[in-house]
Amino acid sequence: PMKLDLASDPVASDDDKFTVVLNTFRRRDMLVRSIRHYASCAHHIAEIRVQWSEQVPVPERDGPDGPDYFGPPHSKVRYDAHPTTSIQNRFDVRDITTTAVFHVDDDVRIPCATLARAHAAWKSNRDAVVGFYPRAHRWDAKKCKHEYVWGDVSLRLGGAFSVVLTKAAFTRTEYLRLYADHLPEEARRYVDERKNCEDIAMQLVASAATGAAPVYVPVPALRYWW
């Protein structure tokens with residue numbers, strides 16, 4: 001178990017809004033649409049931090065495509081360039097001033113009102129991972145190992161779940177530091193080798209630190225389909 005020392009991270013002090021940490025990689029059309037969408041939620045969002053792992057220069061605000069990659073004028077969009085293509089770069093974000101971050105992939109656009117509702121749910125469950133994509137694990141006695149359960153429909157209809165994916169989820173800002181400092185090295189290698197499972201690793205880090213179960217916030221099924 002890890003001890004969560006909230007007092008050691010005083011920079012995260014803004015509780016009224018949240019920071020969007022947008023993960024993207026070589027899907028420019030989806031990135032542009034996501035920036036346009038989340039920029040429209042400005043009433044609830046303090047900043048949009050795009051995690052840029054493409055090994056080319058980040059877009060320029062004053063460049064010809066500036067409006068596409070930075071949204072309307074005065075949108076608080078900032079790019080964090082990373083020297084590697086690790087999928088774990090999405091959790092390597094510094095200088096955030098809000099108490100909560102909303103982790104989201106570039107192919108997910110949660111309605112602004114639903115985002116605000118999920119942020120309120122997170123405020124009531126601050127130690128939890130609170131989000132829109134539940135998953136589960138269960139023990140397979142025959143194979144003598146745990147099995148990962150997708151089951152979107154059954155989970156959203158009330159089935160048991162043990163993971164909420166950071167494909168679209170709120171966490172404490174401090175969990176970024178916890179992930180960087182306390183995720184075991186063998187787990188980090190596993191994620192990098194497979195370019196997958198970083199969201200499960202974040203759930204394990206959060207649960208190990210606080211013992212809090214994840215919280216699922218439903219969205220109408222038609223919205224997911226759209």
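Helices (H or I, at least four residues) and strands (E, at least two) are DSSP runs, numbered from the N terminus. Residues are numbered from 1 along each chain as its sequence is written. The model is predicted: local features need pLDDT of at least 70, side-chain atom pairs count only at pLDDT 80 or more, and totals for chains, interfaces and linings use all residues, while side-chain values use heavy atoms, with hydrogens and water left out.

**Stop 1: the whole chain**

Show the protein chain as a cartoon. It has eight helices and ten strands. Colour by burial next. Buried means under 20% relative accessible area, exposed over 50%, and partly exposed in between (1.4 Å probe, protein chains only). Of the 226 residues, 48% count as buried. Now turn to contacts, meaning heavy atoms within 4.5 Å. Among contacts between residues at least 6 apart in sequence, 80% join residues at least 24 apart.

**Stop 2: V50**

Select V50. This residue belongs to strand β2 (residues 45–52). Is V50 buried or exposed? V50 is buried, with a relative accessible area of 0%. Show its surroundings. Leaving aside neighbours within four places in sequence, V50 contacts L22, T24, L31, I35, V77, R78, Y79 and D80.

**Stop 3: H74**

Select H74, in the loop between α2 (66–70) and β3 (77–81). Check its backbone. Phi of H74 is near 75°, a positive value in a residue other than glycine. H74 is exposed, at 78% relative accessible area.

**Stop 4**

Select residues 134–140, which make up strand β6. Two strands pair if DSSP finds at least two bridges between them. These three strands form an open sheet in the order β7-β6-β8, with antiparallel pairing.

Look at β6 against β7. The two pair in the antiparallel sense over five bridges. R138 has E147 in β7 as its bridge partner. H137 stands opposite Y148 in β7. Now look at β6 against β8. Two bridges join these antiparallel strands. R135 stands opposite V163 in β8.

**Stop 4: the turn at C144**

Stay with β6 and β7. They form a hairpin with four residues between them. Select C144, in the loop between these two strands. C144 has a positive phi of about 60° although it is not a glycine. Is C144 buried or exposed? C144 is exposed, with a relative accessible area of 57%.

**Stop 5: R172**

Select R172, in strand β9 (residues 168–172). R172 is buried, with a relative accessible area of 12%. Display its polar contacts. A polar contact is a pair of N or O atoms within 3.5 Å; within protein, one must be able to donate a hydrogen and the other to accept it, and residues adjacent in sequence count only if both atoms are side-chain atoms. What does the side chain of R172 reach at 3.2 Å? There you find the backbone oxygen of R126. A polar contact of 3.0 Å also joins the side chains of R172 and D127.

**Stop 6: helices α5 and α7**

Select α5 (residues 174–182) and α7 (residues 198–210). Axes are lines fitted to C-alpha atoms, for helices over the stretch in contact, and angles run from 0 to 180 degrees between N-to-C directions. The axes of α5 and α7 come within 10 Å and cross at roughly 105°. The two helices are therefore roughly perpendicular to each other (65 to 115 degrees).

Show the side chains at this contact. From α5 come Y175, L178 and Y179. From α7 come E198, A201, M202, V205, A206, A209 and T210. By class, the contact has eight nonpolar, one polar and one charged residues. Here Ala, Val, Leu, Ile, Met, Phe, Trp, Tyr, Cys and Pro count as nonpolar, Asp, Glu, Lys and Arg as charged, and the others, Gly among them, as polar.

How values were computed:
Angles under 35 degrees count as roughly parallel, over 145 as roughly antiparallel, 65 to 115 as roughly perpendicular and the rest as oblique.
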